[in-house]
Amino acid sequence: MFFFDPLWLVFAVPGLLLGIWAQIKLHHAYGKYSKVPVDSGMTGAQAAREILDRAGLNNVPVEEIPGQLSDHYDPTKRALFLSSDNYHGQSVAAVGVAAHESGHALQHQAAYAMFNFRMAIVPVTQFASMAYMGIFFAGFIFRSYFPTFIWIAIGLFCVMTLFQLVTLPVEFDASRRAKEQLFRLGLVHEHERAGVSKVLDAAALTYVAALVSSVLQLLYLLTLARDSRR
Ligand SMILES: [Zn+2]
């Protein structure tokens with residue numbers, strides 16, 4: 001686990017390539033549709049405001065934050081944060097991303113089970129990723145305890161993988177809600193549907209790639225644990 005292992009490459013490379021491919025796809029789709037003006041002429045911030053207000057979420061603020069694609073909904077603050085490009089952008093991509101983040105606010109309001117479950121396991125996931133680093137270094141120093149450490153590492157990694165697994169339905173559902181509202185409220189027209197879908201599907205693919213990477217890494221840890229018992 002702690003020295004270079006060619007087997008590690010076998011498990012790490014597919015996830016890494018999938019991750020890079022997903023990022024390229026996202027930047028391509030986002031780059032393309034952030035240059036396509038939306039017919040309604042709305043900015044991302046206006047579209048989000050409209051979706052939230054229509055759902056009775058007038059108390060959820062829409063704020064601007066720096067960074068590219070740093071857009072997110074913060075359930076603890078009950079606030080929506082849009083990157084400057086999407087906050088001010090009047091493009092198919094900006095309105096699509098803004099609607100997706102609004103979709104998370106709608107999930108929160110509806111007490112969507114997967115959203116609540118994901119929120120509930122955030123602290124334990126944060127603990128697991130920190131502890132995993134600790135175990136990594138402890139295992140390096142106390143190598144004779146490797147068989148014990150490896151199982152602790154696997155346990156911690158299971159928690160991190162579970163989090164990524166739960167993230168998938170939450171993300172797909174937020175995009176589904178986003179599209180529903182965009183068309184119902186007339187913020188996006190029928191011929192703009194494909195553009196919105198391409199941007200949101202590409203964003204979802206990055207979460208799929210992260211999950212695949214995690215599962216492969218977990219399988220690698222399991223092969224190490226099996227080998228250490230021989
Ligand atoms: Zn999301």
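Trainee: A salt bridge is a side-chain nitrogen of Lys or Arg within 4 Å of a carboxyl oxygen of Asp or Glu. How many salt bridges does the structure hold?

Mentor: The structure holds 7 of them. Keep in mind that this is a predicted model, in which local features need pLDDT of at least 70 and side-chain atom pairs count only at pLDDT 80 or more, while totals for chains, interfaces and linings use all residues. Residues are numbered from 1 along each chain as its sequence is written, and side-chain values use heavy atoms, leaving out hydrogens and water.

Trainee: Ok. How many helices and strands does the protein chain have?

Mentor: There are 8 helices and 3 strands in the protein chain. These are DSSP runs numbered from the N terminus (helices are H or I, at least four residues; strands are E, at least two).

Trainee: And what pattern does the chain follow along the sequence?

Mentor: Read that way, the protein chain goes α-α-β-β-β-α-α-α-α-α-α. Its C-alpha trace spans about 65 × 35 × 25 Å along the principal axes.

Trainee: What share of the residues is buried?

Mentor: Of the 230 residues in the protein chain, 47% are buried. Buried means under 20% relative accessible area, exposed means over 50%, and partly exposed is in between (1.4 Å probe, protein chains only).

Trainee: Now the metal. Which protein donors does the zinc ion have?

Mentor: The zinc ion has His100 (NE2), His104 (NE2) and Glu171 (OE) as its protein donors, at 2.0 to 2.1 Å. Donors are N, O and S atoms within 2.8 Å of the metal (3.2 Å for Na, K and Ca), and sites may look incomplete because water is not among the atoms.

Trainee: What spacing do the donors follow along the chain?

Mentor: The zinc donors follow H-x3-H-x66-E. His100 and His104 are both in helix H4, which covers residues 92-110, and because they are 4 residues apart there, about one helical turn separates them.

Trainee: Are those two, His100 and His104, buried or exposed?

Mentor: Both His100 and His104 are buried.

Trainee: Back to the salt bridges. Which residues form the network?

Mentor: Asp173, Arg176, Arg177 and Glu180 are linked in that network. In general, side chains of opposite charge can pair when their charged atoms come close.

Trainee: How far apart are the closest N and O atoms of Arg176 and Asp173?

Mentor: For Arg176 and Asp173, they are 3.0 Å apart. The two residues are 3 apart in helix H7, so about one helical turn lies between them.

Trainee: And what about Asp173 with Arg177?

Mentor: That is another salt bridge, with the closest N and O atoms 2.5 Å apart. Asp173 and Arg177 are 4 residues apart in helix H7, again about one turn of the helix.

Trainee: Where do these side chains stand on accessibility?

Mentor: Asp173 has 9% relative accessibility, so it counts as buried. Arg177 is at 16%, so Arg177 counts as buried too. Arg176, at 43%, counts as partly exposed.

Trainee: Which side chain does Lys77 meet in a salt bridge?

Mentor: Lys77 meets Asp74, at 3.9 Å from N to O. Lys77 counts as exposed because its relative accessibility is 57%, whereas Asp74 is buried, with a relative accessible area of 14%.

Trainee: Where is Leu69 found?

Mentor: Leu69 sits in the loop between strand E1 (62-65) and strand E2 (72-74). With a relative accessible area of 28%, Leu69 is partly exposed.

Trainee: What about phi of Ala111?

Mentor: Ala111 has a phi near 50°, again positive in a residue other than glycine. Ala111 is in the loop between H4 and helix H5 (113-120), and at 45% relative accessibility it counts as partly exposed.

Trainee: Last one. Which helix holds Phe136?

Mentor: Phe136 is in helix H6, residues 122-141. At 31% relative accessibility, Phe136 counts as partly exposed.

Trainee: How far apart are the C-alpha atoms of Phe136 and Ala153?

Mentor: Those C-alpha atoms are separated by 7.7 Å, and Phe136 and Ala153 are 17 residues apart along the chain.
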